[in-house]
Amino acid sequence: MTTSRALTWNVTAAHGYETAWVDCEGGTLRARGRAVGTTPAPYWISYELETGEDRVTRRLRVIAETSDHTRSLDLRHDGNGTWTADGAPVPQVDGALDCDLALCPLTNTMPVLRHGLHRSGGTRSFLMAWVSVPDLAVRPSPQTYTYLAPTDGGSRVGFASGDFRSELEFDTEGFVVDYPGLATRLTPR
């Protein structure tokens with residue numbers, strides 16, 4: 001069964017907004033999204049995200065536009081731990097299962113869903129292929145997610161990367177509702 005959703009966030013960290021159209025079927029996730037922000041400089045982002053089974057990233061295509069540059073990135077994961085960016089190997093992120101597009105709350109979903117961290121206790125550490133915005137550079141990012149507690153509409157999950165810590169709120173389907181300091185999901189009227 002395919003579940004389709006449109007999700008929109010107020011991305012406070014970028015002084016902008018993001019909307020993603022997400023389709024989940026079995027253990028896969030496909031999404032296409034657009035974001036606009038004014039920090040660190042005004043930009044537009046368009047992306048397409050595809051996962052394989054167990055929501056392991058297979059491909060992230062991104063186009064970033066600023067007033068003086070248009071950049072694109074085709075980030076691919078072979079399913080066995082090896083990554084390429086525009087066809088060139090990215091060995092520093094080999095072993096990562098997921099991408100993490102900066103300022104994009106949707107990309108926090110894959111590891112949380114895969115390990116059920118929005119439903120039960122546990123702590124998991126991951127290496128992410130982190131993509132900065134708007135320059136689209138790919139870097140390794142060690143991250144830890146910890147189930148904290150249920151909420152009325154889902155759960156709270158702790159997030160840590162380096163010295164950064166936050167408590168994210170997820171809905172029952174595993175999508176970010178609130179990421180303090182980054183984004184808050186808007187609800188349709």
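Predicted model: local features only at pLDDT ≥ 70, side-chain atom pairs only at ≥ 80, totals over all residues.
View 1. Beyond its neighbours within four places in sequence, Leu75 is in contact (heavy atoms within 4.5 Å) with Arg58, Arg59, Leu60, Trp83, Thr84, Ala85, Cys99, Ala129, Val131 and Val138. Leu75 and Leu106 touch the most other members of the largest nonpolar core, which has 49 residues. Such a core is a set of buried Ala, Val, Leu, Ile, Met, Phe, Trp, Tyr and Cys residues joined through side-chain atoms within 4.5 Å. Residues are numbered from 1 along each chain as its sequence is written, and side-chain values use heavy atoms, without hydrogens and water. Local features need pLDDT of at least 70 and side-chain atom pairs pLDDT 80 or more, whereas totals for chains, interfaces and linings use all residues.

**View 2. Asp98 in strand S9.** Asp98 counts as buried because its relative accessibility is 0%, the limit being under 20% relative accessible area with a 1.4 Å probe, protein chains only. The side chains of Asp98 and Arg114 are joined by a polar contact of 2.5 Å. For a polar contact, N or O atoms lie within 3.5 Å, one able to donate a hydrogen and the other to accept it; residues adjacent in sequence count only if both atoms are side-chain atoms.

**View 3. Hairpins of S13, S14 and S15.** S13 (residues 164–171) and S14 (residues 176–179) pair antiparallel over two bridges; pairing requires at least two DSSP bridges. Phe170 stands opposite Val176, and Gly174 takes a positive phi near 95°. In the hairpin of S14 and S15, Gly181 has a positive phi near 85°.

Key. Buried < 20%, exposed > 50% of the residue type's maximum accessible area, 1.4 Å probe, protein only. Helix = DSSP H or I, 4+ residues; strand = E, 2+ residues; numbered from the N terminus.
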